[in-house]
Amino acid sequence: MKHSAIVLAAGKGSRMRSEIPKQYMTLAGRPLICYALQTFQESFIDEIILVTGEGQEEYCRREIVGKYNLSKVKKIVPGGKERYDSVYRGLRAAEDCDYVYIHDGARPFPDADILLRARQCAEQYGACTAGVPVKDTVKITDESGLVKSTPDRRYVWQIQTPQAFSFSIIKDAYDRLFELGDFSGITDDAMVVERTLSCPVRVFAGSWRNIKITSPEDLLIAEQIQKKS
Ligand code: CTP
Ligand code: MG
């Protein structure tokens, strides 16, 4: 069985409002993107496909892959305008693999256990995503902010990456998405499967440390997490 990871680093990081894209910002002495790549490098994963911004390929080859000896990064491909465009480019570069693990490069702290849970769940069910149960009460409102309902918190999850799939399922789902051309509201890969196939998607346990760096205060939290790990 061949296990491939697609690590996404082609975003602009507009909510971070930084000069350099957030995935290349320094976190405890290393570029942010290195953290997730190193975890995949040290895992059972056979091959990593790094999706970067157009024109950033050479920088990544030299300053990230070369410098940190990330020998499992076999391909560096340019991403696209939206996250789903970047994922699709990664999927088309992932040849003859059996399982795919799609991960946001902006999440520096996936760990070996999460990857193992992803593998087990993907092998059993074909489509799954990391998630943690919400801590806060969640409410659904209408456009004016009027509360419509309060979902039972036992069934509400904050979704993370990695999201793991059998290759045939996720490739088929993305092919259909691009055939149909309706990209409205697509924010993750599980959603692409939910929308295009009848295959159910499972949630497995992510971790509270597996945060996504989105805005400047997330970097402060990441530094604390990094210190304690
Ligand atoms: N991503 C990508 N290609 C895009 C958009 C996003 O590869 N066209 C990647 C980002 O690099 C990140 C992950 O998808 O690792 C999650 O996206 P997000 O946190 O939204 O990052 P950005 O899109 O870069 O940030 P923002 O939405 O604030 O602009
Ligand atoms: Mg984004």
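This is a predicted model: local features need pLDDT of at least 70, side-chain atom pairs count only at pLDDT 80 or more; totals for chains, interfaces and linings use all residues.

User: How many residues surround ligand 1, and which class has eight of them?
Analyst: The shell around ligand 1 holds 18 residues, with G13, S14, R15, S86 and K212 the closest. Four of the shell residues are nonpolar and six are polar. The class with eight is charged.

User: Which backbone has a polar atom 3.2 Å from an oxygen atom of ligand 1?
Analyst: A polar backbone atom of G80 is 2.9 Å from a nitrogen of ligand 1. For K81, a backbone N or O atom lies 2.8 Å from a ligand nitrogen. The backbone 3.2 Å from a ligand oxygen is that of A106.

User: How much of the area that ligand 1 exposes alone does the protein bury?
Analyst: The polar contacts include one from the backbone of A106 to a ligand oxygen, at 3.2 Å. Taken alone, ligand 1 exposes 560 Å². The protein buries 88% of that.

User: Which element gives the most to the lining of the largest pocket?
Analyst: The lining has 32 residues, and those closest to the pocket centre are G11, R15, K22, R83 and D104. β1, α3 and β10 (157-166) each supply at least two lining residues. With four residues, the top contributor is β10.

Terms used. Residues are numbered from 1 along each chain as its sequence is written. Chains are lettered from A and ligands numbered from 1 in the order in which they are written. Side-chain values use heavy atoms; hydrogens and water are left out. A residue is near a molecule or strand if one of its heavy atoms lies within 4 Å of it. A polar contact is a pair of N or O atoms within 3.5 Å; within protein, one must be able to donate a hydrogen and the other to accept it, and residues adjacent in sequence count only if both atoms are side-chain atoms. Accessible areas come from the Shrake-Rupley method with a 1.4 Å probe; for residues, only the protein chains shown count as cover. Ala, Val, Leu, Ile, Met, Phe, Trp, Tyr, Cys and Pro count as nonpolar, Asp, Glu, Lys and Arg as charged, and the others, Gly among them, as polar. On a 1 Å grid over the protein atoms alone, a cavity is a set of points where a 1.4 Å probe fits but cannot get out, and a pocket is an open set with protein on both sides within 12 Å along at least five of seven lines; lining residues have an atom within 4 Å of a point.
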